Amino acid sequence: MALQGSRAPLEFGGPLGAAALMLLLPATMFHLLLVARSEPARLLGLPPYLPGLEALWSPGALLLWLTWLGLQAAFYLLPARKMAEGQELKDKTRLRYPINGNPIYDFFLGRELNPRICSFDCKYFCELRPGLIGWVLINLALLVQEAELRGSPSLAMWLVNGFQLLYVGDALWHEEAVLTTMDITHDGFGFMLAFGDLAWVPFTYSLQAQFLLYHPQPLELSMASVICLINAVGYYIFRGANSQKNTFRKNPSDPRVAGLETISTATGRQLLVSGWWGMVRHPNYLGDLIMALAWSLPCGVSHLLPYFYLLYFTALLVHREARDEQQCLQKYGLAWREYCRRVPYRIVPYIY
């Protein structure tokens with residue numbers, strides 16, 4: 001008989017919070033898509049119209065979506081691909097047997113950590129390929145449509161496309177690094193990740209390009225240069241922090257990280273306490289947020305709507321940071337407390 005004390009604490013507000021998010025997230029995505037096309041483009045205003053059910057169903061669109069997923073799945077299963085060994089999972093690779101679960105909560109977070117069909121890992125496949133590449137293609141389609149409407153894409157549209165293409169290209173180039181993320185090692189594959197990867201990412205993250213198509217913004221070359229510098233700083237922090245962490249995990253004796261100061265833990269692993277990870281506990285999140293600001297700035301400051309991604313991503317990363325802190329405290333104990341004492345700031349130095 002399973003002991004109740006062994007059950008993991010519920011996240012996201014438990015079943016009630018999970019049910020609310022499953023309703024709120026799709027509604028928010030549709031709201032953003034509708035208001036981006038409206039004249040006032042108010043983030044907090046009601047859409048000027050609600051499409052009928054016939055406008056929400058298209059056999060051609062469904063066929064295109066299934067074709068896109070099938071194409072990405074075929075690429076995923078190509079025999080000539082690099083194989084990478086993932087991190088030790090929270091279940092220590094042992095089978096888990098669900099007991100007394102809540103169907104709403106389990107549907108939201110997912111009962112299976114890594115559901116597979118033969119060698120096809122459903123969660124790992126969805127994590128990057130269909131949604132991220134789809135995001136870039138939607139951006140590109142919006143750029144082409146702007147060129148058809150106005151003769152050429154605007155400088156603001158070029159910047160948004162370029163910045164986000166760099167971000168997606170970086171993720172795909174360093175695809176192996178996703179194996180160490182919370183999504184892969186901790187979260188199950190349920191509504192949260194499936195909807196997030198396949199719908200929320202491509203249609204919500206392309207919000208700036210959608211806004212610019214319907215609300216063109218003038219952008220001086222000098223301001224564009226400043227925005228490019230902001231994005232470059234964010235990317236430098238983001239890539240530097242992630243590369244340092246991944247290099248250390250693979251080989252602590254690598255000359256690039258061998259001189260970094262560490263804290264030993266009871267698990268045998270080492271915690272970096274210098275370099276990027278001695279500045280704040282999540283320097284990659286800081287770089288992410290700086291880039292998010294740069295993606296929104298080409299849209300001007302007259303509307304709040306293009307800054308939804310920055311606001312949402314700030315809330316997401318603060319919440320994810322809190323979850324990560326709790327897991328690290330449980331895993332590393334006193335070593336993690338010492339790390340927090342040595343590195344007191346979580347994401348933004350001297351602020352948070």
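This is a predicted model: local features need pLDDT of at least 70, side-chain atom pairs count only at pLDDT 80 or more; totals for chains, interfaces and linings use all residues.
Residues are numbered from 1 along each chain as its sequence is written, and side-chain values use heavy atoms, with hydrogens and water left out. Local features need pLDDT of at least 70 and side-chain atom pairs count only at pLDDT 80 or more, while totals for chains, interfaces and linings use all residues.

**Nonpolar core.** The largest nonpolar core holds 90 residues, of which Phe 108, Trp 135, Leu 305 and Tyr 339 touch the most other members. Such a core is a set of buried Ala, Val, Leu, Ile, Met, Phe, Trp, Tyr and Cys residues joined through side-chain atoms within 4.5 Å; buried means under 20% relative accessible area, exposed over 50% and partly exposed in between (1.4 Å probe, protein chains only). Helix H4 (residues 122–150) gives the most to this core, with 10 residues. Helices are DSSP runs (H or I, at least four residues) numbered from the N terminus. Leaving aside residues up to four places away in sequence, Phe 108 touches Phe 12, Ala 18, Leu 21, Met 22, Gly 190, Phe 191 and Met 192; contact means heavy atoms within 4.5 Å.

| Helix pair | Axes come within | Crossing angle |
|---|---|---|
| H2 (residues 59–76) and H4 | 10 Å | roughly 125° |
| H5 (residues 155–173) and H8 (residues 207–214) | 10 Å | roughly 165° |

H5 and H8 are therefore roughly antiparallel to each other, given that angles under 35 degrees count as roughly parallel, over 145 as roughly antiparallel, 65 to 115 as roughly perpendicular and the rest as oblique. The contact is made by Ala 156, Met 157, Val 160 and Gln 164 of H5 with Gln 208, Ala 209, Leu 212 and Leu 213 of H8. These residues comprise 6 nonpolar, 2 polar and no charged, where Ala, Val, Leu, Ile, Met, Phe, Trp, Tyr, Cys and Pro count as nonpolar, Asp, Glu, Lys and Arg as charged, and the others, Gly among them, as polar.

In the other pair, Trp 68, Leu 69, Gln 72, Ala 73, Phe 75 and Tyr 76 of H2 meet H4 residues including Tyr 124, Phe 125 and Arg 129. The contact of H2 with H4 divides into 10 nonpolar, 2 polar and 1 charged.

**Positive phi.** Most residues other than glycine have a negative phi. Ala 41, in the loop between helix H1 (14–37) and H2, has a positive phi of about 50° and is buried at 2% relative accessibility. Tyr 350, in the segment after helix H12 (334–342), has a positive phi near 65° and is exposed, with a relative accessible area of 70%.

How values were computed:
Helices (H or I, at least four residues) and strands (E, at least two) are DSSP runs, numbered from the N terminus. Axes are lines fitted to C-alpha atoms, for helices over the stretch in contact, and angles run from 0 to 180 degrees between N-to-C directions.
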